[in-house]
Amino acid sequence: MSVSLAAPQEPRLGPIEERFQQERFFEQPELEEVRHAGLRMFATPFNHADGYGDGPMNPEDPVTPGGRPTIANNGTFLRINGLDGQACVECHAMISSRTMPPRFGVGGFGGISNAPFFQPKLLDVSDVSELGFAFTDGRVIVPPHLFGAGGVQLLAEEMTADLAALRDEALAQPGVPVELVTKGVSFGFLEAGEDGQLDFGGVTGIDDDLIVKPFGRKGEFPTVRAFDEGAMEFHFGMQPVELVGADVDADGDGVANEVLVGEMSALEVFITTMDRPRQTSLAPETVAGFVLFRQVGCADCHRPFLSTRERTLHYRTAPGEPAHYSVDLSAGVADFPLNATGGLSVPLFSDLKRHTMGPALAESFHGVEADRNAEFITAKLWGVADTAPYLHDGRALSLDEAIRWHGGEAQAARDGYVGLSDDAQAALLGFLQTLRLPEKPNADVVSN
């Protein structure tokens, strides 16, 4: 006698019964309507009737989402390598860990108990290998906050366009090195040969496609939508129609059309129109800390702000597709300040570039070349006062510890900080304590 482990078929929970269709964008709905639809996707827990889970395990590929095992064959959760929550808000819900009690809200970050373990084949918890530590060949990922994502995405799009123009310039003048500088950030140089082939040997901090990918700590995703497509599959086993096709049950769980194109669009709009982080007023002592932040070299990578040319973010279902919706990010809850040329000033404290951070911070992930394990995109520091623990795996419980873990390309800045007097270090850390998350985010669609 066989026993089905699937939960009884139930209707979608709560407001997800109201499925948002992509065709609704043809009518140019008000932003509040789209944000409400995106909030439903972000905060409503998915269940088996929605398509939660992977369906039958694929013993030939038990790591890749779409055929993973589940703990004790429970048919639902795995926890290590995904299937580790029901809703985005489970891991993006903390607004401040520095208050007592901690403050919570939609779109925040997650603590170490929310950290996903990405694609481990080995997790040596009891140290049977006698290395003296719990080895893993997967990634431990502390969930970041999502605030200000729209400004970051617009920056990345403009930087990518600049780099594409510079690539064309290199192709037009073979043998002449062209420096790849956009918004004051250098990605090395590019040179074309007489045969029209490009030499990428001088390119740094970005892939050879020259696409700035600001999402994912390794700089892997150019847009929030691209990140969310993978996150839906990895964390929930919910398959976007735009990846697997309409009316297709690709994971064999008995459900097709698990995440509609319109639902992915609404989710992207919701995340990219969230509030931006803020900075509290600078007292004289914290101004001195900012001066030290620049003097020791922190600001070389943690750029205090980058500026856009435009202020409107255009949404596409895929690169090259026509825009189906547009939002002015200087308005609404995003409320980015305008710069002198009419674009946005984005105070993210990052250069959106990958840097080698030294052997102490290197991962041991099996899925990349060894030298890539020490590379990370520069963390955005806006909101950092509220978001302990720090670094990619949460190993640093304070900002002082986080700075001291820096190495590689950040070694000189780290040493500059360590060489400061106790009072000077306190002033620099005091400046970082002015970089806060919004107190009551998404107030237009959430009752705080």
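Guide: The dialogue that follows takes up hairpins, salt bridges, a cavity and a pocket. This is a predicted model, in which local features need pLDDT of at least 70 and side-chain atom pairs count only at pLDDT 80 or more, while totals for chains, interfaces and linings use all residues. Residues are numbered from 1 along each chain as its sequence is written, and side-chain values use heavy atoms, with hydrogens and water left out.

Visitor: In which sense do strand 5 and strand 6 pair?

Guide: Strands (E, at least two residues) and helices (H or I, at least four) are DSSP runs numbered from the N terminus, and two strands pair if DSSP finds at least two bridges between them. Strand 5 (residues 178-182) runs antiparallel to strand 6 (residues 185-192), with four bridges. Thr182 faces Val185 of strand 6. Two residues lie between the strands of this hairpin, where Lys183 has a positive phi near 55 degrees.

Visitor: How many bridges join strand 6 and strand 7?

Guide: Strand 6 and strand 7 (residues 198-199) are antiparallel and share two bridges. Ala192 is opposite Leu198 in strand 7. This hairpin has five residues between its strands, and Gly196 takes a positive phi near 85 degrees.

Visitor: How many salt bridges does the structure hold?

Guide: A salt bridge is a side-chain nitrogen of Lys or Arg within 4 Å of a carboxyl oxygen of Asp or Glu. The structure holds 25 of them. One joins the side chains of Asp207 and Arg354, at 2.9 Å from N to O. Asp207 belongs to the loop between strand 7 and helix 3, and Arg354 to strand 13 (residues 354-356), so this pair ties together parts 147 residues apart in sequence.

Visitor: Is Arg354 buried or exposed?

Guide: Buried means under 20% relative accessible area, exposed over 50%, and partly exposed in between (1.4 Å probe, protein chains only). Arg354 counts as buried because its relative accessibility is 8%.

Visitor: Which residue forms a salt bridge with Arg404?

Guide: The partner of Arg404 is Asp400, with the closest N and O atoms 3.0 Å apart. Both residues lie in helix 7 (residues 399-404), four residues apart, about one turn of the helix. Arg404 is partly exposed at 33% relative accessibility, and Asp400 is partly exposed at 23%. Elsewhere, salt bridges with shared partners link Asp207, Asp209, Lys213, Arg354, Arg372 and Glu375 into one network.

Visitor: What lines the largest cavity?

Guide: On a 1 Å grid over the protein atoms alone, a cavity is a set of points where a 1.4 Å probe fits but cannot get out; a pocket is an open set with protein on both sides within 12 Å along at least five of seven lines, and lining residues have an atom within 4 Å of a point. Grid points are joined across faces, edges and corners, and a volume is the space filled by probe spheres set on the points. The structure has one cavity of 30 Å³ or more, and the largest cavity holds about 60 Å³ of space. Its lining includes Phe187, Asp207, Lys213 and Arg354.

Visitor: Which helix gives the most to the lining of the second largest pocket?

Guide: Helix 2 gives the most, with four residues. The second largest pocket has a volume of about 460 Å³. Of its 20 lining residues, Glu157, Pro222, Thr223, Ala318 and Pro319 are the closest to its centre.
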